[in-house]
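Have the sequence and the 3D view open as you read.

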Amino acid sequence: MHSEWRCPRCGPVPPLHVPEHIGAQIVASVVDRVAAAAPPGGPATPVWCPWPLPPGWTLTGVAYAGDERGGVRATAVACAGPEPLGGGPADLLFVAEEPGVGLGTRLAGMPGPDPGPQLAEALTDPGPGHPEHVGQARIRVGGHPTPLWLVNSPTDRSAYAGEARGLWLHAIAWPASAGHLLAEDVELRDLTEWTPAELVYGAPSPYLHGGA
């Protein structure tokens with residue numbers, strides 16, 4: 001018998017809460033829950049959302065991992081819109097999490113709870129022009145330029161990982177070519193600090209509901 005949530009492969013994990021639907025009231029409820037779980041005098045786990053959204057894109061999901069005992073340890077935001085190269089449908093997820101949670105690596109299709117080992121390899125990248133060069137994505141997170149490194153993932157998606165505010169930051173895109181969005185002028189805003197009233201909502205993301 002165990003009192004905590006457990007994964008058959010990873011052991012104890014914080015439970016993942018994914019609202020069935022998406023809309024302004026649901027986002028406000030999740031943001032309030034995340035903000036209320038912040039440690040006394042400390043910041044809340046950020047809920048990173050692209051803003052402004054890319055043209056034609058909508059917010060399609062929001063989730064958090066945690067419980068009353070351990071607090072909120074990870075958040076996820078899903079968006080969907082036209083794929084930048086082919087024009088078909090595309091999905092993009094952003095995950096902020098404490099070390100050892102494993103939500104971002106699960107969605108990225110990576111082994112282990114953290115991207116650290118793969119990032120260590122990426123940081124020894126030989127540089128542009130070398131056949132083993134691995135490109136970076138550079139986005140702005142809370143107004144600050146933030147690099148993300150490409151990590152290994154199944155061929156149906158592209159996954160990037162980095163760090164922001166002392167937490168892991170993951171960006172996962174379906175299909176893989178949708179990762180080109182991260183080469184554009186993407187700015188992530190923390191919804192616990194400000195939630196734009198102009199957000200547009202779409203159909204719930206299948207990837208937050210077990211499709212990944």
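Which residues line the largest cavity?

## The largest cavity

The lining is made up of Val 18, Pro 19, Glu 20, His 21, Ile 22, Thr 60, Gly 61, Val 62, Pro 204, Ser 205, Leu 208 and His 209. A cavity here is a set of points, on a 1 Å grid over the protein atoms alone, where a 1.4 Å probe fits but cannot get out, and lining residues have an atom within 4 Å of a point. The largest cavity holds about 50 Å³, with volume taken as the space filled by probe spheres set on the points, which are joined across faces, edges and corners.

Strand E5 (58-67) and helix H4 (207-211) each give at least two residues to this lining, and E5 has the largest share, with three. By type, the lining splits into six nonpolar, five polar and one charged.

The whole structure has two cavities of 30 Å³ or more.

## The chain and the model

The chain has four helices and 12 strands (DSSP runs numbered from the N terminus: H or I, at least four residues, for helices; E, at least two, for strands). Of its 212 residues, 46% are buried, meaning under 20% relative accessible area with a 1.4 Å probe, protein chains only.

This is a predicted model: local features need pLDDT of at least 70, side-chain atom pairs count only at pLDDT 80 or more, and totals for chains, interfaces and linings use all residues. Residues are numbered from 1 along each chain as its sequence is written, and side-chain values use heavy atoms, leaving out hydrogens and water.

Terms used: On a 1 Å grid over the protein atoms alone, a cavity is a set of points where a 1.4 Å probe fits but cannot get out, and a pocket is an open set with protein on both sides within 12 Å along at least five of seven lines; lining residues have an atom within 4 Å of a point. Ala, Val, Leu, Ile, Met, Phe, Trp, Tyr, Cys and Pro count as nonpolar, Asp, Glu, Lys and Arg as charged, and the others, Gly among them, as polar. Buried means under 20% relative accessible area, exposed over 50%, partly exposed in between (1.4 Å probe, protein chains only).
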